[in-house]
Amino acid sequence: MIDFRYVRANDVADAVRQIAADPEAKFIAGGTNLIDLMKRDVERPSRLIDISRLPLRSVEETADGGLRIGALVPNSDLAYHPQIAQRYPLLASAILAGASAQLRNMASTGGNILQRTRCYYFYDIATPCNKREPGSGCSAIAGLNRISAILGTSDACIATHPSDMCVALAALDATVHVAGPAGPRAIPFSDFHRLPENTPQCDNNLQPNEIVTAVELPARGFSANYTYLKIRDRLSYAFAVVSVAAALELDGDTIKEARLALGGVAHKPWRDPSSEAELRGLKADQSTFVRAANVVLRDAKGFQHNAFKIDLASRAIVRALTQAASGTPQSQSNKKIR
Ligand SMILES: Cc1cc2nc3c(=O)[nH]c(=O)nc-3n(C[C@H](O)[C@H](O)[C@H](O)COP(=O)(O)OP(=O)(O)OC[C@H]3O[C@@H](n4cnc5c(N)ncnc54)[C@H](O)[C@@H]3O)c2cc1C
Ligand code: SF4
């Protein structure tokens, strides 16, 4: 039995005050990740600060034509929001590729970006894991590493970030808004999540005394030519083995602008601007897409059970870009499933 306290935050300032006062406390939003981790004894917060009733549930237009998504907007509401479905269908597709309808109803925008790795050893408290217990070692490097990373790994950790939504947010150049004792600040999405390096216990650059208040999308939504392609072990209710968010702006068959982000391959959603630069100004065809895939994966390194991911990611990138270029309708149903 874990002894912990449960309290509610009255407003954002109260939430910040409470988390700053107790370094062992944790926010709880939808609870779909945190409660599992508590049941497995991976997380042992001294108190849960319930933020689920804070007024962070709206999706609002910004002055420069983008959208500001409150941190508590449920994943389902976000995917089916008319502005997201029409202007940012890449994001809607990525969200609907994740988890199950029931989980998406509970999961929040802020909780999704802060969900923790699904590395088997992170969940198994009987095994060494540098992310769970810094300095104890990494069981995945010489263990079962089929689901582990192939890019940006370190000798301390080879875990992946499991979110689908985050891969689309990376491709769309989102910004994360947070608030802390020093006031609000904005973090570009590409700087929000971290690579493991020597401190794999830190998943991201959010400070322990800060709360995520919103995620902002810029005006550009790539709604004509996009694809979220998720390769997984079964058709639904499974995390990505490899996923690709691809978005293009075309002038005839020439690429004016490109976005490419990968999931299931690194400790953070993997976006490589040099691969996007490789695509710009070229004809949208297979040889161009293969070149971009080679750039993204030039430093990829496989482990005993996951080397197949390098070839899989390469083919997934080419397929996703091909689908995006031809405006292929998405396989994810946009029908409301609640
Ligand atoms: C069986 C299963 C299958 C799944 N499959 C997928 C999948 O295929 N793809 C996918 O992307 N996801 C998947 N998920 C993960 C799911 O998307 C996440 O659990 C969910 O998004 C987390 O959101 P939440 O609101 O429930 O977070 P919580 O569990 O409430 O919180 C998660 C973490 O974020 C912190 N937190 C929450 N909100 C804030 C905030 N505003 N500011 C600061 N800290 C905050 C909490 O303290 C906690 O540490 C799956 C989950 C399960 C259980
Ligand atoms: S890969 Fe990371 S999360 Fe998994 S066992 Fe190693 S240190 Fe832990």
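Into which domains is the protein chain divided? Good morning, colleagues. The model before us is a predicted one. Its protein chain is divided into domain 1, covering 5–53, and domain 2, covering 226–325. Taken over C-alpha atoms, the centres of domain 1 and domain 2 are separated by 36 Å.

I turn next to strand β8, residues 211–217. Buried here means under 20% relative accessible area. By that criterion 7 of the 7 residues of β8 are buried, so the strand is largely enclosed by the rest of the structure.

Which strands pair with β8? One of them is strand β5, residues 67–70, which pairs with β8 in the antiparallel sense over 4 bridges. Within that pairing, isoleucine 69 has valine 215 of β8 as its bridge partner. Strand β6, residues 175–180, also pairs with β8 in the antiparallel sense, over 5 bridges. There, isoleucine 211 of β8 stands opposite alanine 179.

In soluble globular proteins, nonpolar side chains tend to be buried together. In this model the largest nonpolar core has 55 residues, and those touching the most other members are Ile84, Leu90, Leu91, Ile113, Leu169 and Leu217. Helix α9, residues 165–171, gives the most to this core, with 7 residues. Domain 1 and domain 2 each supply at least three residues to this core. Apart from this core lies another, of 31 residues, including Ala258, Ala313, Ile317 and Ala320.

Finally, which residues does leucine 169 contact, leaving aside its neighbours within four places in sequence? They are Leu91, Ile113, Ala174, Phe189, Val215 and Leu217. Thank you for your attention.

Conventions:
Residues are numbered from 1 along each chain as its sequence is written. Chains are lettered from A and ligands numbered from 1 in the order in which they are written. This is a predicted model: local features need pLDDT of at least 70, side-chain atom pairs count only at pLDDT 80 or more; totals for chains, interfaces and linings use all residues. Side-chain values use heavy atoms; hydrogens and water are left out. Domain bounds come from an automatic or database domain assignment. Buried means under 20% relative accessible area, exposed over 50%, partly exposed in between (1.4 Å probe, protein chains only). Helices (H or I, at least four residues) and strands (E, at least two) are DSSP runs, numbered from the N terminus. Two strands pair if DSSP finds at least two bridges between them. A nonpolar core is a set of buried Ala, Val, Leu, Ile, Met, Phe, Trp, Tyr and Cys residues joined through side-chain atoms within 4.5 Å. Contact means heavy atoms within 4.5 Å.
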